[in-house]
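Subject: Handover of the model, with notes on its cavities and its pocket

Dear colleague,

I am passing on the structure below, together with my notes on what was found in it. Please read them alongside the coordinates.

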Amino acid sequence: MNTLLKIENVSKSFSASEGLFFKTNKKVKALDEVSFDIKKGEILGIVGESGCGKSTLGRVILRLLDADSGKVYFDGNDILSLSKIKMREIRRDMQIVFQDPFASLNPRMRVGELIGEPLKMHGMKDHREINKRVEEIIRLVGLDKYHLKKYPHEFSGGQRQRICIARALILKPKLVICDEAVSALDVSIQSQIINLLNDLKDELGLTYMFISHDLSVVKHISDRVGVMYLGKIVEITSTENIFNEPRHPYTQALISAIPIPDPDIKKERIILKGDMPNPLDIPKGCRFHMRCIHAKEICKKIEPELKINKKDHFTACHLVDKF
Ligand code: SF4
């Protein structure tokens, strides 16, 4: 498979103010030298707790936020160095679906206009062609032609997310970034949307980056999974490896916390020590060491690199083969 997206050492910081009255010049490092790639036709899941940098990552890839350093290659283009005009062209091929479908849709526009709007924004003027494309895509996402005349508030949460997906896909993108795209939905609706995304992937030849805090959601859609902790990828490998053979202690703790819907199966949950450290004060050495049950002296001093330690299995841990 060819590579569609390649991220090399991407970092992104934000200025922060600490407390209500006290200002600081400290920076929150939301992304710290993040590297990975996504092959054409692949679904890469990105998981981690809230505040780990996963949503920032999606926005930096689309250049909705500017990276401080690093490279992002999309379909062979070094997109961080592109002009705004060229980036606008490329953005046709990179779309995003956000968590809150209601906030993403203008309540004063009818669904037909909402879905057709990206075509107009990218220069299509032929109304008959626009209407034809809108009618095609509304059917593909499992809604009907008569829905095009309605307003967003007339739909359920799941239907609204289908409309957002239709709006993202109308430009026939190559990459779709789903940023917590099913998190606001009920569990039964979540699985409908995941099935829809999977069907559309095959039908339209899409590639997804699927960002979620929920490992069980990512499990059902991803080919590979990257686990983020405090702005870094700490483990990345196939979905099978992540769930059957997690190697990073943080991933192991996340997996152990997934409930099993079978009362006969007993699973020992790994309880992490303390809370996620303040991102303004990232610990020296391994940034996970204060919560890690395996931490040794080296972990407090030296930051582990993300290295391959089994076939296609990358982990950032000094002691990965020792526990
Ligand atoms: Fe734990 Fe040390 Fe590995 Fe970090 S490097 S995850 S502290 S064992």
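Which residues line the second largest cavity? They are P249, A253, I270, L272, F288, R291, C292, I293 and H294.

Before going further, please keep in mind that this is a predicted model, in which local features need pLDDT of at least 70 and side-chain atom pairs count only at pLDDT 80 or more, while totals for chains, interfaces and linings use all residues. Residues are numbered from 1 along each chain as its sequence is written, and side-chain values use heavy atoms, with hydrogens and water left out.

Cavities

On a 1 Å grid over the protein atoms alone, a cavity is a set of points where a 1.4 Å probe fits but cannot get out, whereas a pocket is an open set with protein on both sides within 12 Å along at least five of seven lines; lining residues have an atom within 4 Å of a point. Grid points are joined across faces, edges and corners, and a volume is the space filled by probe spheres set on the points. By this rule there are 2 cavities of 30 Å³ or more.

The second largest cavity holds about 40 Å³ of space, and its lining divides into 7 nonpolar, 1 polar and 1 charged residues, where Ala, Val, Leu, Ile, Met, Phe, Trp, Tyr, Cys and Pro count as nonpolar, Asp, Glu, Lys and Arg as charged, and the others, Gly among them, as polar. The largest cavity holds about 80 Å³ and is lined by 14 residues, of which P249, C286, C292, C299 and C317 lie nearest its centre. Its lining comprises 10 nonpolar and 4 polar residues, with no charged ones.

F288, which lines the second largest cavity, is also joined with Y229 and Y250 in a cluster linked by ring pairs.

The largest pocket

The largest pocket has a volume of about 490 Å³ and is lined by 19 residues, of which Q95, I96, F98, P118 and R167 lie nearest its centre. By class, the lining has 12 nonpolar, 3 polar and 4 charged residues. Helices (H or I, at least four residues) and strands (E, at least two) are DSSP runs, numbered from the N terminus; on that basis α2 (84–91), β6 (94–97), α4 (111–121) and α6 (157–169) each supply at least two residues of the lining, and the largest share, 4 residues, comes from β6.

After α4 comes G123, whose phi is positive, near 100°.

Individual residues

L175 is found in strand β7 (residues 175–179) and counts as buried because its relative accessibility is 0%. Contact means heavy atoms within 4.5 Å, and, not counting residues up to four places away in sequence, L175 touches L4, L5, I61, F74, D93, M94, Q95, T207, Y208 and M209. The C-alpha atoms of L175 and G205, which are 30 residues apart along the chain, are separated by 9.4 Å.

T251, in helix α10 (residues 249–256), is likewise buried, with a relative accessible area of 0%. The side chain of T251 makes a polar contact with the side chain of E235 (2.7 Å); a polar contact is a pair of N or O atoms within 3.5 Å, where within protein one must be able to donate a hydrogen and the other to accept it, and residues adjacent in sequence count only if both atoms are side-chain atoms. Leaving out residues up to four places away in sequence, T251 touches V227, E235, I242 and P246.

Finally, most residues other than glycine have a negative phi. N9, in strand β1 (residues 3–17), has a positive phi near 50°, and E33, in strand β2 (residues 23–39), has a positive phi of about 55°. N9 is partly exposed at 39% relative accessibility, and E33 is partly exposed at 43%.

With best wishes

Conventions
Buried means under 20% relative accessible area, exposed over 50%, partly exposed in between (1.4 Å probe, protein chains only). Rings of Phe, Tyr and Trp (its six-membered ring) pair if their centres lie within 6.5 Å; planes under 30 degrees apart count as stacked, over 60 as edge-to-face and the rest as tilted.
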